[in-house]
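Open the model in your viewer and keep the sequence panel beside it. This tour says what to select at each stop and what is there.

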Amino acid sequence: GKRLANGGPERNTHDSKTLKTTLTIENGKYILNGEKFYSTGTSFAHWLAIKAVHPEGHIVLIIVNREAQGIEVINDWNGFGQRTTASGTVKLNQVEVNPELIFDERLLTQTPTYRGAYSQLLQVAIDVGIAEAAFDDTLSTIHKARPIIDANVEKASFEHYTLQEVGKLNILLDAAILLLDEAAEYLDEL
């Protein structure tokens, strides 16, 4: 019943694989330091999944309690179009880590996996969901809006240009949903 969120990307890095967040060993304890942004769900999470550089130089995934001393979750994400995404900043300052919750990421890179494809599918599903909500908001707004005076129609939803543009949006959204479904089915078959 606990929620897990990611403390993922970092600012000012060359790519998403480059990490500045570090795991060190101090007095026999594992200590986590760094800063993450666009950390989806962290404001509502009980646990955070944090990637960091292990003292030996490889990448590890660490599960930490969101309420642990040294963790600060900042609600600084502008969620326009993404209600309740809670994708703010996570600051990690001398966070003590349970060694049993440190997972070696090298094992996942030694053989090809579908991990990246599933991750991308998840992101696309989120984006399509956002597009669906935005389209619904567009429709509800059009039904409430006044038409421009030159249109000579009773409602904004009857304006020819508006109908054309909303129709294009509907087609693009339907295509995105179909492509998402097809990609999901393809990955399920693998």
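**Stop 1: Gly8**

Select Gly8. Its relative accessibility is 19%, so Gly8 counts as buried. The scale works like this: buried means under 20% relative accessible area, exposed means over 50%, and partly exposed lies in between, with a 1.4 Å probe and protein chains only.

Before moving on, a note on what you are viewing. This is a predicted model, in which local features need pLDDT of at least 70 and side-chain atom pairs count only at pLDDT 80 or more, while totals for chains, interfaces and linings use all residues. Residues are numbered from 1 along each chain as its sequence is written, and side-chain values use heavy atoms, with hydrogens and water left out.

Back to Gly8. It sits in the loop between strand S1 (4-7) and strand S2 (22-26). Helices (H or I, at least four residues) and strands (E, at least two) are DSSP runs, numbered from the N terminus. Gly8 is in contact with both, leaving aside its neighbours within four places in sequence. Contact means heavy atoms within 4.5 Å. Then pick Asp104, 96 residues from Gly8 along the chain. The C-alpha atoms of Gly8 and Asp104 are separated by 16 Å.

**Stop 2: strand S3**

Select residues 29-39, which make up strand S3. Pick Leu32 within S3. Is Leu32 buried or exposed? It is buried, with a relative accessible area of 0%.

Show what surrounds Leu32. Not counting residues up to four places away in sequence, Leu32 touches Thr21, Thr22, Leu23, Ile50, Ala52, Ile62, Val64, Leu92, Asn93, Gln94, Val95 and Val97. For a distance, pick Lys51. Leu32 and Lys51 are 19 residues apart in sequence, and 9.9 Å separates them in space, C-alpha to C-alpha.

Stay in S3 and move to Tyr38. Check its backbone: phi of Tyr38 is near 50°, a positive value in a residue other than glycine. Tyr38 is partly exposed, with a relative accessible area of 26%.

**Stop 3: the whole chain**

Zoom out and colour by secondary structure. How many helices and strands does the protein chain have? There are three helices and eight strands. From the N terminus on, the order is β-β-β-β-β-β-β-β-α-α-α.

Turn the model around. The C-alpha trace spans about 80 × 40 × 35 Å along its principal axes. The radius of gyration of the protein chain is 22 Å, whereas a compact globule of 190 residues would come near 16 Å. That radius is taken over C-alpha atoms, and the globule rule is 2.2 Å times the number of residues to the power 0.38.

Of the 190 residues, 27% count as buried. Among contacts with a separation of 6 or more, 64% come from residues 24 or more positions apart.

**Stop 4: the helix pair**

Select helix H2 (residues 115-144) and helix H3 (residues 160-189). They pack at an angle of about 155°, and their axes are 10 Å apart. Axes are lines fitted to C-alpha atoms, for helices over the stretch in contact, and angles run from 0 to 180 degrees between N-to-C directions. H2 and H3 are therefore roughly antiparallel to each other. Angles under 35 degrees count as roughly parallel, over 145 as roughly antiparallel, 65 to 115 as roughly perpendicular and the rest as oblique.

Show side chains on both helices. On the H2 side, the residues that meet H3 include Leu121, Val128 and Phe135. On the H3 side, those that meet H2 include Val166, Leu173 and Leu180.

**Stop 5: the loop between H2 and H3**

Follow the chain out of H2. Asp150 lies in the loop between H2 and H3. At 66% relative accessibility, Asp150 counts as exposed. Gln164 is 14 residues from Asp150 along the chain, and their C-alpha atoms are separated by 17 Å.

Next, select Asn152 in this loop between H2 and H3. Asn152 has a positive phi of about 55° although it is not a glycine. Asn152 counts as exposed, at 70% relative accessibility.

Finish at Lys155, also placed in the loop between H2 and H3. Lys155 counts as partly exposed, at 36% relative accessibility. Pick Ala145 as well: ten residues separate the two along the chain, and the C-alpha atoms of Lys155 and Ala145 are separated by 7.2 Å.
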